Amino acid sequence: MIDAHVHVWDLMRRRLPWLPAGHPLRRDFTLSDLPDVPELVLMQADADSGEVNDLLALARQSPAVVGVVGWFDLLDFPDRLPDDPRLVGVRSPPADQTDPDLLTAPAHVRGVRAAADAGLAIDLLLRPSALIGAARLASAVPDARLVLDHLGNPTAATPEWRSGMQALAEHPNVTVKLSGTAHLATDDLRALVDVALELFGSERLLFGSDWPVCTLAATRAEVIRRTTALLPPATHNDVFRGTAQRIYRPRETAQCPNTPAGRS
């Protein structure tokens, strides 16, 4: 199994303005807090390029970390990236995650193209109203491996969310992450997973626990159990490992067969 969405942070080094004072998650979270750590992908939590180096340093110390998705400003993408094969992706959420037009602004498209040319996957953190913009981005940069985090953050399988997902599914360079769902009722989550599976197939779905954010509603083990129960057994190899290997292309401890070792 590859858990494709795990966060860690040290509040001495990270500001994390999205976690206000008194928030239950406003404390340090480390890999040692995860029992029975599987192979995992560390995901950015702070809009700070310095965080990338911290996450890569952790990855070098832990064989469980097969990849890092770091923050880089897609509106001003750097000419040089850390020379570390564990850097597998970038996430730089738009200022307004509900505005579809921001995704196809010329500077954003240039940044996504530059990240794709560097061999990185691009995680998208969006709300349902912006999904149509993500579909246009997928069309504008067809070589980019786009990963929609948290199923697009729906509260239910609304018509707006369904139409956005249908538009995204038309583009083979888009995959969807089953993550960020611990707070949803099981029936609501089942409806969302059924739509995603119908539109994208298991080969374009991947699992992420969203630990430790998930702990606001459930343990990581509970998230895994519930997601497993909602998926047909025939899909498990793709969702829990294969898709993450194909999309993030980890080149150290989880080398994907038939994937070149260099950036592609």
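**Group meeting: a parallel sheet and its surroundings**

Let me start with one residue. His-150 sits in the loop between strand 6 (146-148) and helix 4 (159-169). Helices here are DSSP runs of H or I with at least four residues, strands are runs of E with at least two, and both are numbered from the N terminus.

Before going on, the ground rules. This is a predicted model, where local features need pLDDT of at least 70, side-chain atom pairs count only at pLDDT 80 or more, and totals for chains, interfaces and linings use all residues. Residues are numbered from 1 along each chain as its sequence is written, and side-chain values use heavy atoms, with hydrogens and water left out.

Back to the histidine. Is His-150 buried or exposed? His-150 is buried, because its relative accessible area is 9%. Buried means under 20% relative accessible area, exposed means over 50%, and partly exposed is in between, with a 1.4 Å probe and protein chains only. The His-150 side chain reaches the backbone nitrogen of Gly-180 at 3.4 Å. Leaving aside residues up to four places away in sequence, His-150 touches His-5, Arg-91, Leu-125, Lys-177, Ser-179, Gly-180 and Asp-210. Contact here means heavy atoms within 4.5 Å.

Two strands pair if DSSP finds at least two bridges between them.

Take strand 2 (residues 39-43). Five of its five residues are buried. Glu-39, Val-41 and Met-43 point one way, while Leu-40 and Leu-42 point the other. Strand 2 pairs in parallel with strand 1 over three bridges, and Val-6 has Leu-42 as its bridge partner. On to strand 3 (65-70). Strands 2 and 3 pair in parallel over four bridges. There, Met-43 is partnered with Val-69. The chain gets from strand 2 to strand 3 through helix 1 (residues 50-61), in a right-handed β-α-β crossover. Right-handed means that, with the strands pointing away from the viewer, the path from the first strand over the helix to the second runs clockwise.

Next, strand 4 (residues 87-91). Five of its five residues are buried too. Strand 4 pairs in parallel with strand 3 over three bridges, and Val-90 is the partner of Gly-70. Three bridges also join strand 4 to strand 5 (residues 121-124), again parallel. Gly-89 has Ala-121 as its partner there. With helix 2 (residues 106-117), strands 4 and 5 make a right-handed β-α-β unit.

Last, the packing. How many residues has the largest nonpolar core? That core has 72, and Leu-42, Ile-122, Leu-146, Leu-151, Met-165 and Leu-168 have the most contacts inside it. A nonpolar core is a set of buried Ala, Val, Leu, Ile, Met, Phe, Trp, Tyr and Cys residues joined through side-chain atoms within 4.5 Å. Helix 5 (residues 186-200) gives this core its largest share, seven residues. Another core, of 13 residues, lies apart from it, and includes Ala-4, Ala-121, Leu-206 and Ala-244.

Technical notes: Polar contact = N/O pair within 3.5 Å; in protein donor to acceptor, adjacent residues only side chain to side chain.
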